[in-house]
Amino acid sequence: MKAFYFLVALLALASSVVFAYDPSPLQDFCVAINDTKTVFVNGKFCKDPKLANADDFFFKGLGPGNTSNPLGSKVTPVAVNEILGLNTLGISLARIDFAPKGLNPPHTHPRGTEILVVLEGTLYVGFVSSNQDNNRLFTKVLNKGDVFVFPIGLIHFQLNVGYGEAVAIAGLSSQNPGVITIANAVFGSKPPISSEVLTKAFQVGENVIEYLQKQFWYNNS
């Protein structure tokens with residue numbers, strides 16, 4: 001009998017642990033309000049399931065992206081904004097096209113792990129671990145058919161090191177994984193981050209920071 005009560009207590013404790021966490025965010029922020037007349041949810045509202053149809057789960061023509069830009073790359077997302085049926089399913093993908101020497105610059109996905117498969121070409125890819133792990137760099141050269149994983153929230157990149165164009169497909173573990181391109185966020189924020197902050201953070205002169213903040217930081221997604 002004591003074993004039975006112990007088992008019940010253990011199951012109750014496990015149940016409380018299972019539910020004792022917040023749901024993952026599906027956007028950058030969701031500020032609480034007391035005004036119930038205007039409601040925004042963490043995600044999207046659902047249509048009546050009886051009104052759903054095949055088009056809600058369909059995206060037509062995931063074709064080549066235009067790589068004629070300063071980075072030589074183009075990311076074409078297929079997330080919940082493109083396929084409404086992805087809402088609540090916790091998955092999305094993106095096609096990444098690379099011109100020769102094209103770069104998908106260092107960036108993070110704050111809400112999703114990425115798994116990348118190369119369809120054509122050769123990519124040099126990598127991610128940097130957190131401060132806790134001493135910012136170690138993990139890299140690989142990927143060829144057609146190779147797969148690489150970028151853990152959630154870590155800075156990562158892909159560079160075309162082949163002689164021709166390259167194409168990859170990335171699967172992401174969120175309907176809205178988000179993306180923060182490091183250079184754009186640090187030097188292209190609106191309004192700009194104080195040069196006093198950045199000169200001390202990067203240990204460079206103010207003229208260097210001002211030069212970088214005046215650049216046009218292209219968004220390839």
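Conventions. I number residues from 1 along each chain as its sequence is written, and side-chain values rest on heavy atoms, with hydrogens and water left out. As the model is predicted, local features need pLDDT of at least 70 and side-chain atom pairs count only at pLDDT 80 or more, while totals for chains, interfaces and linings use all residues.

Sheet. I looked up the strand order (strands are DSSP runs of at least two residues, numbered from the N terminus; two strands pair if DSSP finds at least two bridges between them) and found an open sheet of 5 strands, E6-E5-E8-E3-E10, with antiparallel pairing. Strands E6 (137–142) and E10 (180–181) stand at the edges with a single partner strand each, so one side of each has no neighbour in the sheet. I then followed E5 (residues 123–128), which 6 bridges join to the antiparallel E6, and noted Val125 opposite Lys140 in E6.

Pocket. The lining holds 31 residues, with Pro77, Asn176, Pro177, Gly178 and Val179 nearest the centre. Strands E1 (73–78), E2 (92–98), E3 (103–108) and E9 (166–172) supply at least two lining residues each, and the largest share, 4 residues, comes from E2.

Finally I checked Val149, which lies in strand E7 (residues 147–150) and counts as partly exposed because its relative accessibility is 40% (between 20% and 50%, with a 1.4 Å probe and protein chains only).

Terms used
1 Å grid on protein atoms, 1.4 Å probe; cavity = no way out; pocket = protein on both sides within 12 Å on 5 of 7 lines; lining within 4 Å.
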